[in-house]
Each structure stands twice: as structure tokens, then as C-alpha cells.
Amino acid sequence: MAQLGSLSQETETLSHVLRLVQAFRAFDSDNDGSITAAELGGIMGSLGYNSSEQEVKAMMQRGDTNRDGRLSIEEFLDMNTNELGLGSLGAFLGSAFEALTADFESGEAVTGEDLHGVMREIGVDQLSVEDCQAIVASMDADGDGAVSLEEFRLMLNSFL
């Protein structure tokens, strides 16, 4: 069985992606799932980057893979997480996601306990319930102790 890397470092990486998702949603003023160059400049400023208009345009061109003049949340995350990785945790979470989609309806939320049960089912027994709760908490945008399958997918796709 592969060993997990530093769980705290990997959950911090998940938390970083959650902050990116929250920033994206905050600047998606019309909630259409995409942002303009002006909105991107605002996001970058909120994340502590002082980007010029030219730099923002270059980022848009680099990130806008479908060339529609807007960034989807997936494009935005791809743009900002390409050098991040979850190591072995990412592979385990990918397997867990497949099992969760078979067991849960798309609108259901996944708790740390749910994740722990699925991880044990797929043979990952080195994660405690508390570890799984920390993983879910790092993805939990509203603080309710659970994450939707769609949020789980979005976060996971940022690393795969």
C-alpha cells in the first residue's frame, strides 16, 4: 500500500484551492460561472497580486482554453493549480470519488465519516476518521461539515 505524504500539507493544498474557489465565486458578480478580464484583475488583487492590465490580459489568454473571452471556474483553477499536487492523497481521493459517485446521489453531501468509510472500502486504512474530517473541512466552503459531490469533483479535478 502506498504511503500518504504529509497529510497536513496536502489538506492545506486543498484549503488553498477552496480559497481560490471562494475568490472566483466572489468575483463572479452575475453568478454565471465565468469571469471577465476585469473580474480576474479584481481576484488577483484580492489574492495579493498586483497585476497590470497587460498581465491580466496575458493570464486571460493563457487560461481561456476554449477562447470564449471568459474564464470558467475549471479554467481558473487549472491556471492557478497546475504546479500543485496532492501526491498519493490525490490518487486515493480519486478512487474515493469514484466510489462515492456510485453510492451517493449527485446532490448529496459527503461528510468526513462518509469519506472514511469509502476510504476503508477501497483499502486505504491509514486515514483516521479525524483525518477524513480534516480533508472534508478543507473542501467545505460553507462550514457545515460536508461537501457536495460536485464540490468534491471540482477540487479533485484541480489536481488531476
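Where is the place of R67? I found R67 in the loop between helix 3 and strand 2 (71-72). Helices (H or I, at least four residues) and strands (E, at least two) are DSSP runs, numbered from the N terminus.

**Ground rules.** I am working with a predicted model, where local features need pLDDT of at least 70 and side-chain atom pairs count only at pLDDT 80 or more, while totals for chains, interfaces and linings use all residues. Residues are numbered from 1 along each chain as its sequence is written, and side-chain values use heavy atoms, with hydrogens and water left out.

I looked up phi for R67 and got a positive value near 55 degrees, in a residue other than glycine. R67 is exposed, with a relative accessible area of 58%. My cut-offs are: buried under 20% relative accessible area, exposed over 50%, partly exposed in between (1.4 Å probe, protein chains only). N31 is not a glycine either, and has a positive phi of about 50 degrees. I located N31 in the loop between helix 1 and strand 1 (34-35), and at 64% relative accessibility N31 counts as exposed.

**The whole chain.** I counted eight helices and four strands in the protein chain. From the N terminus on, the order is α-β-α-α-β-α-α-β-α-α-β-α. Of the 160 residues, 42% are buried.

**Helix 4.** This one is mostly covered, with seven of its nine residues buried. I noted them as I73, E75, F76, L77, M79, N80 and T81.

**Helix 6.** In helix 6 (residues 112-121) I find G112, L115, H116, V118 and M119 buried. They cover an arc of only 170 degrees around the axis, so they sit on the same side of helix 6; the arc is that of the directions from the helix axis to the C-beta atoms. Just after helix 6, G123 has a positive phi of about 95 degrees.

**The core.** Which residues have the most contacts inside the largest nonpolar core? They are L40, L93, L115, M119 and F152, in a core of 42 residues. A nonpolar core here is a set of buried Ala, Val, Leu, Ile, Met, Phe, Trp, Tyr and Cys residues joined through side-chain atoms within 4.5 Å. Helix 1 gives the most to this core, with seven residues. Domain 1 (8-81) and domain 2 (86-159) both contribute, so the core lies between them; the domain bounds come from an automatic or database domain assignment.

I also checked G94, which is in helix 5 and is buried at a relative accessible area of 14%. G94 and F152 are 58 residues apart in sequence, and their C-alpha atoms are 9.7 Å apart in space.

**The cavity.** I get one cavity of 30 Å³ or more. A cavity is a set of points, on a 1 Å grid over the protein atoms alone, where a 1.4 Å probe fits but cannot get out, and lining residues have an atom within 4 Å of a point. Grid points are joined across faces, edges and corners, and a volume is the space filled by probe spheres set on the points. The largest cavity holds about 40 Å³ of space. I listed its lining as L18, V21, R25, M139, A141, E151, L154 and M155. Helix 1 and helix 8 are the elements that give two or more residues to this lining. The lining divides into six nonpolar, no polar and two charged residues, and draws at least three from each of domain 1 (8-81) and domain 2 (86-159). For these classes, Ala, Val, Leu, Ile, Met, Phe, Trp, Tyr, Cys and Pro count as nonpolar, Asp, Glu, Lys and Arg as charged, and the others, Gly among them, as polar.

Note on methods: 1 Å grid on protein atoms, 1.4 Å probe; cavity = no way out; pocket = protein on both sides within 12 Å on 5 of 7 lines; lining within 4 Å.
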